[in-house]
Amino acid sequence: MDLRPPRNRADRRAVTWWTVQGLIGVLVAAVAVGVPYVLFTDRPLWPAAVAAGFVVALLALALVWPRAYYRFSRWEVTDEAVYTCSGWLFRSWRIAPMSRIQTVDTVRGPLQRLFGLSDVTVTTASSAGAIKIEGLDHALAAGLVERLTEITQRTPGDAT
């Protein structure tokens, strides 16, 4: 069997969801840096410049990272296994045979519900941890969980 990149990407709306999450994090960081600066210093210029540079770097990361993550992350489910691939500099390939799957979970946070998205987590008997497929359309995620449940129930093995 040739190892090829999995075929599926996250839903396109996930880029917006990840960007909003990042911007919320930048806002929290800006407040965490700015409030102590205003309250506890006599406001010299150099700490403000360092703090502003830090916030601008976080802002750039919050705007660039979601698009890069979307571009380089893939997933696929076959009757034999769950495949994920992610990363740009450091590529991470995860393959979980159906016989090793222990649980399949769906997660929907408040922002995900707002965007109509869900995450699917496939827990295996691996010391590497669970496989997470992020940013799926909620209906697709529900169907994927149902499909994985069907396949794992008919797959021989004890998932250990």
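**View 1. An open sheet of three strands, ordered β1-β2-β3, pairs antiparallel.** Strands are DSSP E runs of at least two residues and helices are H or I runs of at least four, numbered from the N terminus. Two strands pair if DSSP finds at least two bridges between them. β1 (74-77) and β3 (92-97) are the edge strands, each with a single partner, so one side of each has no neighbour in the sheet. The twist averages 5 degrees from one strand to the next; axes are lines fitted to C-alpha atoms, for helices over the stretch in contact, with angles from 0 to 180 degrees between N-to-C directions. The model is predicted: local features need pLDDT of at least 70, side-chain atom pairs pLDDT 80 or more, while totals for chains, interfaces and linings use all residues. Residues are numbered from 1 along each chain as its sequence is written, and side-chain values use heavy atoms, without hydrogens or water.

**View 2. Six bridges join β2 (residues 81-86) to β3.** The two strands run antiparallel. C85 has W93 of β3 as its bridge partner.

**View 3. Helix α4 (residues 138-154) lies across β1 and β2.** The helix runs at about 45 degrees to β1.

**View 4. The largest pocket holds about 240 Å³ of space.** A pocket is an open set of points on a 1 Å grid over the protein atoms alone, where a 1.4 Å probe fits, with protein on both sides within 12 Å along at least five of seven lines; lining residues have an atom within 4 Å of a point. Its 17 lining residues include Y69, T84, S86, K132 and I133, which lie nearest the centre. β6 (131-137) gives the most, four residues.

Methods:
Contact = heavy atoms within 4.5 Å. Points joined across faces, edges and corners; volume = space filled by probe spheres on them.
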